[in-house]
Amino acid sequence: MPVTARPFGTLADGTAVTAYRLENGRGVWAVVLDYGVTIQSVCVPGRDGTVVDVVLGYETAGEYEKNGGYLGATIGRVGNRIGGARFSLNGKVYQLAKNKGENHIHGGVRGFDKYVWDAEIQGDSVVFSRLSPDGEEGYPGNLRVQIRYTLTPDNVLRIAYDADTDQDTLVNLTNHTYFNLSGGGTILNHRMRVFAERFCENGEGGLPTGKLLWVEGTPFDFRTEKAIGADIEQDHPQLKIAGGYDHNYVLSGKRAAEAYSPETGVEMTVETDLPGMQVYTANGLKPRPGKWDMGIRTAVCFETQLFPNAMNCYGFPSPVLRAGQHLHTETAYGFRVR
């Protein structure tokens, strides 16, 4: 099925926003905006044939610009946290915005989620691109980024990220979609499996300390499917720091996670070639109107990534992209009915 485009309103400065709809001819479709390369909706038939929109979001461009929350957005240059909002590269210290306490998060004050990207329909895909100029949000190098979205006949939404730089810089691209496979309400009854034996220990402010913890014997063990809410209120120091789950899992392989709504029968899979994935249970999502009422624990995020705070943690996979190197990584979200 061809990709179609339609207007999605304007931002406060009058910039037009366009919505791109991908369909696969099997009753599944997704809508991606050029503003922030944002997944606005993913619609799949549930167990009884009723179409379920499984992502949180808004109906207008103005709401995305005003309300924030990174709903469905592409995050960059560097997703997640950088401790102290600074890093050292090639003997030079780079100071970034402190937009999460004393730390830097999700690319800064105006990250990739707050720009309208160039877009081009290419067959059954839509390709978004932009040049992040040298010095943007404090990062070195002119970084060219291309993100391709494709919805396959087998109900898989594939995201391919490509990037090149003319100076050594940091890159950790991810997507911040909030999923609710019931189409609203809590996600505590969602059943989830995460293919990981370890996760990153968080210190205050959700900043990884550099230590990896074993999931065995903890509320973080999702190697066997269980309800998200089964252990979320346990008296565990890592749960108390985050108010729930907001941790990077060290993935065991390409299959990262599975989630399932007993209400609708919609099941979701996450696959990636990246080594980590942040599981976030919307612990800090303040109540707000949107396509439906949103709030704390009304969604779960699966942010595939390199590990947070990697420049300050020995042994973590490096987010450094060297001049002349090419970055390519892919993440896929699959949908079916159980």
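User: Which residue stands opposite Arg191 in S21?

Analyst: This is a predicted model, in which local features need pLDDT of at least 70 and side-chain atom pairs count only at pLDDT 80 or more, while totals for chains, interfaces and linings use all residues. Residues are numbered from 1 along each chain as its sequence is written, and side-chain values use heavy atoms, with hydrogens and water left out. S18 and S21 run antiparallel and are joined by 2 bridges, where strands (E, at least two residues) and helices (H or I, at least four) are DSSP runs numbered from the N terminus, and two strands pair if DSSP finds at least two bridges between them. Within S21, the residue opposite Arg191 is Ala227.

User: Which strands stand at the edges of the open sheet of 9 strands?

Analyst: The order in this sheet is S11-S12-S13-S14-S28-S24-S23-S18-S21, and the pairing is antiparallel. Each edge strand has a single partner strand, so one side of each is left without a neighbour in the sheet, and the two strands in that position are S11 and S21 (226-227).

User: Which residue in the turn between S11 and S12 has a positive phi?

Analyst: Strand S11 (residues 118-122) pairs with strand S12 (residues 125-132) in the antiparallel sense over 5 bridges, and Ala119 stands opposite Phe128 in S12. The two strands form a hairpin with 2 residues between them, and the turn residue with a positive phi, about 65°, is Gly123.

User: Which strands are at the edges of the open sheet of 6 strands?

Analyst: This sheet is antiparallel in its pairing, with the order S17-S26-S25-S22-S19-S20. Each edge strand pairs on one side only, and these strands are S17 (178-179) and S20.

User: What is the bridge partner of Arg198 in S20?

Analyst: Strand S19 (residues 196-202) and strand S20 (residues 208-214) are antiparallel partners over 4 bridges. The hairpin they form has 5 residues between the strands, with Gly205 at a positive phi near 80°. Asn202 has Pro208 as its bridge partner in S20, whereas the bridge partner of Arg198 is Trp214.

User: Is Leu285 buried or exposed?

Analyst: Leu285 lies in the loop between strand S25 (276-280) and S26. Leaving out residues up to four places away in sequence, Leu285 touches Leu56, Leu71, Tyr178, Tyr280, Met294, Gly295, Ile296 and Thr298, a contact being heavy atoms within 4.5 Å. On the scale used here, buried means under 20% relative accessible area, exposed over 50% and partly exposed in between, with a 1.4 Å probe and protein chains only. The relative accessible area of Leu285 is 2%, and therefore Leu285 is buried.

User: Why does Thr269 count as buried?

Analyst: Thr269 lies in strand S24 (residues 266-272). Apart from neighbours within four places in sequence, Thr269 is in contact with Arg255, Ala257, Glu258, Ala332, Tyr333, Gly334 and Arg336. Thr269 counts as buried because its relative accessibility is 11%.

User: How far apart are the C-alpha atoms of Gly185 and Gly295?

Analyst: Gly185 is found in the loop between S17 and strand S18 (191-194), and at 42% relative accessibility Gly185 counts as partly exposed. Apart from neighbours within four places in sequence, the contacts of Gly185 are with Asn180 and Thr298. Gly185 and Gly295 are 110 residues apart along the chain, yet their C-alpha atoms are separated by 9.0 Å.

User: What is the relative accessible area of Ser318?

Analyst: The loop between strand S26 (300-305) and strand S27 (320-321) holds Ser318. From C-alpha to C-alpha, Ser318 and Gln146 are 21 Å apart in space, and 172 residues apart in sequence. Ser318 is partly exposed, its relative accessible area being 47%.

User: What is the radius of gyration of the protein?

Analyst: The secondary structure comes to 2 helices and 28 strands, and buried residues make up 58% of the 338 residues. The radius of gyration is taken over C-alpha atoms, and the globule rule is 2.2 Å times the number of residues to the power 0.38. A compact globule of 338 residues would have a value near 20 Å, which agrees with that of the protein, 19 Å.
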